[in-house]
Each structure stands twice: as C-alpha cells, then as structure tokens.
Amino acid sequence: MAPSQGSRAPLEFGGPLGAAALMLLLPVTMFHLLLVARSGPARLLGPPPYLPGLEELWSPWALLLCLTWLGLQAALYLLPARKVAEGQELKDKSRLRYPINGFQALVLTALLVGLGVSAGLPLSALPEMLLPLAFAATLTAFIFSLLLYLKALVAPASALAPGGNSGNLIYDFFLGRELNPRICSFDFKYFCELRPGLIGWVLINLALLMQEAELRGSPSLAMWLVNGFQLLYVADALWYEEAVLTTMDIIHDGFGFMLAFGDLAWVPFTYSLQAQFLLYHPQPLGWPLASFICLINDLETISTATGRRLLVSGWWGMVRHPNYLGDLIMALAWSLPCGVFHLLPYFYFLYFTALLVHREDRDERQCLQKYGLAWHEYCRRVPYRIVPYVY
C-alpha cells in the first residue's frame, strides 16, 4: 500500500465532506430530474411531484436488464479491434494497451437493437422503466465502486492514482484509489468511460423517440434534432475513441464512485433529459429555427491538440480551452429545440458549464506543475480561459 498523500497533495472536491455530499447529491439530483421531466410544471428548481417508494424504484427485471446491458457491452469490448493503442507512460515506465473498437460496438449494438425491434422487442416501453433502471444503475455503481476500492487495497503503489490514496476511506472511495484497475487485459475504467453509458444514452433517446411516435403519430422535429445531435456526438466520441487516452479521467483520476456513477448512471439518465422533456412537453419548432440550431451545433467542431507543445495560434491563441467552448456551444444547441419557456432542459448546459469551469481549474493547476514557467508565459499570451473576452 502507498503512503498517505493527505499531507502532500491538496484534496479536491471539498475533501471527505465534499465527497460524501456529492455521493448523496448526485443520485438525488438524477432522480429529481427524472421525476420533474414527466411532471406537468416541469420545474427544475421546484420540488418533485411526488417521492417514489421503494416498490416503484426497485425492480429485479430492471437490475437484470442493467446487468445484461453491461454484459453485452463487455462482450463487444472483447471482440477483435481494428486497432490497439498504447496509453500514456505510467510511473513504472510501462504503457498499457487499449482496444479501439468503441465505434464497432456502437454499430453492432444498433444492429442487435434493430433486429430486436423487428422481432417485436418493445423498445418504446423503456421510458416507463427509467426510474427502476436508474435505481439499478446507481446500485450497480455503488457495489462496483466498493469492489474497486477493495481491489485497490492490494494493488502496488505504482498502480495508484495521484490523488485517490489520501488515507480517508470516504474520499478515496469517491475519487478512486487505483488508476487503471484491470483483470487481465480488461480495463474497467476505459471500458466504462465511453461504452455502456454513452451507447445507453442514445438507446434511451431512441426509445423516447419511438414512444413519441406511438403517442402522436410521428416524432416531432425537436425530438429528431435532439436525437440526431446527440447520436452524432456519441458516434464522434467512439470513432475517435483513442483520444480519450489523453484525458484527465484516464491519465490522472482513479476509478472510484465519481467515475463509476457518472459513466453508468448519470450519463444515460441525465444526458437524455432533453428527449425526456420533449416526450412529455412537446414543443413547436419550425424549419428556419431548426436550421439555425443546426448551425450552432456545427460550430462545435473546433480543432484540438493532444501534444505537449503549448499552442498560441488559431483557436488556442484566443482561449486556453477552446474545446470546452465548443462543448458549451454544442450543449446550448441540444437545449434550444426544447424552447425557452422552461429551465429544465437547460440543466445540462448549466451543469456542464459548472463542470468545465471546475475541470479547467484542475487543468490549470496540473499544467502549472507540468510546465512551470512556460505555463506562466502561456497564460500571459493567452489570458482568457474558455470564453474570449469574458472568462
């Protein structure tokens, strides 16, 4: 076991108290969004219409469906990959190898779902199971995080994450002790990062679209836009799956409850909020406005770089994180088809703004430690962090 880092590295997320609060607040927020999305007022800041009982949340069929979904995606992960990439150099100078077959998993999943629907699979019934499915995913994330924590207790010091071994059980459980927990070549963090949550997200969106078609004769233009935008995002992420190997989640953060819950529960059930809202609160949308929203979504394609040079030209010469700016513009485009009279569908935009500001602050501290004086010079030449002339 590694020596405690509590006295050597600053604790993030408010330390143990903040970690405990987030472990409670994140699931509560997710269930609040699921409940208010289907309510009449659909108030983001108001109380939920009711508090569901355990009999409404717990379903062995939902748990079985959740585990079956994870098993399917794990099986697709193990299929031969079009490419095997090496990750960043680890503490012991080794490099792990990762299969690049996420897009292949998306395509095969789509084929299986298509076959299932043609054979009578009632996919449109899935929206009625969102509450018990979210509860099953949350339960799975908690148990999975506990197993990851126990596994990390016997991991060598070189395998631990920089900040996830503070010595405090709650904080380490939340942040994750082990950097790359694996069994043989199966990397749990890399698998969960893009596969079950992202593909599950677009599957839920599709189910919501199909249910709207059953209720109203055909999906609305707004529902088509939300499904199309978010499918494009997921397909792009999986096509360029190798890029995730340079992200903070993979190279810095341990794999604990924060990422496990985020990947398995928060992403599919919270990121599908716009489609959930449109099912219960249809919004009129004309082609001129739809065309404008499409233009906004296309602005997300800002070039990024993963090299070690500090770029001071192009977008990277205007702000230090133009990719974050692109993400925010795209998040706004996902919400606009839902109209402007409800705050609820803009939750993702508000949440993502807070997330990226926090992540940008973490990036700044790590880059200062990594580049030293060169980072100070870079910040002098590029003073704005995300939004030019604003922040």
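**Salt bridges and their surroundings**

A: Q274 counts as buried, because its relative accessibility is 0%, where buried means under 20% relative accessible area, exposed over 50% and partly exposed in between, computed with a 1.4 Å probe on protein chains only. The model is a predicted one, in which local features need pLDDT of at least 70 and side-chain atom pairs count only at pLDDT 80 or more, while totals for chains, interfaces and linings use all residues. Residues are numbered from 1 along each chain as its sequence is written, and side-chain values use heavy atoms, with hydrogens and water left out.

Q274 lies in helix α12, residues 273-280; helices (H or I, at least four residues) and strands (E, at least two) are DSSP runs numbered from the N terminus. Apart from neighbours within four places in sequence, Q274 is in contact with V226, Q230, W334, S335, C338, P345 and Y348, contact meaning heavy atoms within 4.5 Å.

Turning to the charged pairs, a search of the whole structure finds 7 salt bridges, each being a side-chain nitrogen of Lys or Arg within 4 Å of a carboxyl oxygen of Asp or Glu. Side chains of opposite charge can pair when their charged atoms come close.

One of these salt bridges joins E242 and K83, whose closest N and O atoms are 2.7 Å apart. This pair links distant parts of the chain, 159 residues apart, with E242 in the loop between α9 (221-239) and α10 (248-251) and K83 in the loop between α3 (60-77) and β1 (84-86). E242 counts as partly exposed because its relative accessibility is 32%, and K83 is likewise partly exposed at 39%.

Another salt bridge is formed by K93 with E89, the closest N and O atoms being 3.7 Å apart. Here K93 counts as exposed, at 61% relative accessibility, whereas E89, at 44%, is partly exposed.

The side chains of R182 and D187 also meet in a salt bridge, with an N to O distance of 2.8 Å. R182 is buried, with a relative accessible area of 16%, and D187 counts as buried at 0% relative accessibility.

As for the exposed position, I183 is found in strand β3, residues 182-183, and counts as exposed because its relative accessibility is 51%. The C-alpha atoms of I183 and G114 are separated by 32 Å, the two residues being 69 residues apart along the chain.
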